[in-house]
Amino acid sequence: QVQLVESGGGLVQPGGSLRLSCAASGIIFSIYAMGWYRQAPGKQRELVATVTSGGSTDYADSVKGRFTISRDNAKNTVYLQMNSLKPEDTAVYYCNRVHTKVAWGQGTQVTVSS
C-alpha cells in the first residue's frame, strides 16, 4: 500500500525557516522524480519544487532562491528546506510523484504570519 506522510509544518514569522519531510512507503522511491506541492485556501494545488531520481532540481519562480528540495533514497524521504518565508507561502504542503501520481497524503500546514 502506497503511503506518503508529510511533516514539519507549523507557524512561523515572516523571514523564518522550516524544513518539511515526506516519508514514502509502498513504492520504489528511488526511481521516481518527486515533487513538493502546495495548496492555499481557495486556490488550486501548485507544484513548487521537483527533484529527479538523479538529484536534479527545479523550482517555481515564486520560491526560487528561497526553497531547496532534496532527497535521501536510503530513507525513502524527500525534504523541502524553506527559508525567507513570506505570508504568501501559507498553504498545506504535499509531496507526490511528479509524473504518475499516487494517493495524496494528509499534507502539512505551513502558516507564515506575524
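A residue counts as buried when its relative accessible area is under 20%, exposed when over 50%, and partly exposed in between. Keep in mind that this is a predicted model.

Q: Why does Y37 count as buried?
A: Its relative accessibility is 6%. The cut-off for buried is under 20%, so Y37 counts as buried.

Q: What makes W104 partly exposed?
A: W104 has 33% relative accessibility.

Q: Why is the pair of Y37 and W104 called edge-to-face?
A: The ring centres are 5.1 Å apart, and rings pair within 6.5 Å. Y37 is in strand 4, W104 in the loop between strand 9 and strand 10, 67 residues apart.

Q: What makes Y94 and W104 an edge-to-face pair?
A: Their centres lie 5.8 Å apart, with 80 degrees between the planes. The limits are within 6.5 Å and over 60 degrees. Y37, Y94 and W104 form one aromatic cluster.

Q: How do you know that R45 lies over the face of Y94?
A: R45 is at 4.1 Å from the ring centre of Y94. The distance limit is within 6 Å, together with an angle within 35 degrees of the ring normal.

How values were computed
Residues numbered from 1 in each chain as written. Predicted model: local features only at pLDDT ≥ 70, side-chain atom pairs only at ≥ 80, totals over all residues. Heavy atoms only, no water. Phe/Tyr/Trp six-rings, centres within 6.5 Å; stacked < 30°, edge-to-face > 60°. Helix = DSSP H or I, 4+ residues; strand = E, 2+ residues; numbered from the N terminus. Buried < 20%, exposed > 50% of the residue type's maximum accessible area, 1.4 Å probe, protein only.
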